[in-house]
Amino acid sequence: MNFSPLPSVDAASVPADGLVLDVREDDEWTAGHVEGALHVPMSDFVARFGEVTEAVAERGRAYVMCRVGGRSAQVTQYLVQQGFEAVNVDGGMLAWDGAGRPMVAESGSPAFVL
């Protein structure tokens with residue numbers, strides 16, 4: 001079998017207007033996330049696949065993110081196999097936070113990575 005390497009970028013390289021697809025669970029999202037990101041937990045991904053593909057068709061490449069990069073790698077691989085342009089964000093939200101990229105929380109309190 002021929003496996004091509006998974007397309008990935010570091011958190012600092014995600015464009016400010018890029019489509020961030022956050023596949024973490026609700027409690028992780030509530031604690032802190034990228035403003036304007038599309039939140040589709042990995043557990044809901046198949047059921048909400050149409051919503052994801054519409055966003056990718058409209059906005060272009062999806063920057064897929066989870067906490068550290070494992071779940072997002074699986075989702076990125078699936079999207080690429082379906083013919084969509086998707087890249088995994090290496091290091092996930094921990095790397096995003098580490099790069100000093102902005103985050104927001106649902107509660108209005110300071111955002112953090114759960």
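Okay, housekeeping. Because the model is predicted, local features need pLDDT of at least 70 and side-chain atom pairs count only at pLDDT 80 or more, while totals for chains, interfaces and linings use all residues. Residues are numbered from 1 along each chain as its sequence is written, and side-chain values use heavy atoms, with hydrogens and water left out.

So, the sheet. It's open, with five strands in the order E1-E5-E4-E2-E3 and parallel pairing. Strands E1 (8-10) and E3 (38-39) sit at the edges with a single partner strand each, so one side of each has no neighbour in the sheet. Helix H2 (residues 49-59) packs on this sheet, touching E2 (19-22), E3 and E4, and its direction makes about 165° with that of E2. Helix H3 (residues 70-81) lies across E2, E4 and E5, at about 165° to E5. On terms: helices (H or I, at least four residues) and strands (E, at least two) are DSSP runs numbered from the N terminus, and strands pair if DSSP finds at least two bridges between them. Angles run from 0 to 180 degrees between N-to-C directions, with axes fitted to C-alpha atoms, for helices over the stretch in contact.

Buried means under 20% relative accessible area, exposed over 50%, and partly exposed in between (1.4 Å probe, protein chains only).

Now His33, in the loop between helix H1 (26-31) and E3. Buried or exposed? It's buried, because its relative accessibility is 5%. Beyond four places in sequence, His33 contacts (heavy atoms within 4.5 Å) Asp22, Arg24, Met93, Met103, Val104 and Glu106. Two of those, Arg24 and Asp22, form a salt bridge at 2.8 Å, N to O, and both are buried.

A salt bridge means a side-chain nitrogen of Lys or Arg within 4 Å of a carboxyl oxygen of Asp or Glu, and the count is four. Another one joins Arg61 and Glu85 at 2.5 Å, N to O. Arg61 is in the loop between H2 and E4 and Glu85 in the loop between H3 and E5, so the pair ties together parts 24 residues apart in sequence.
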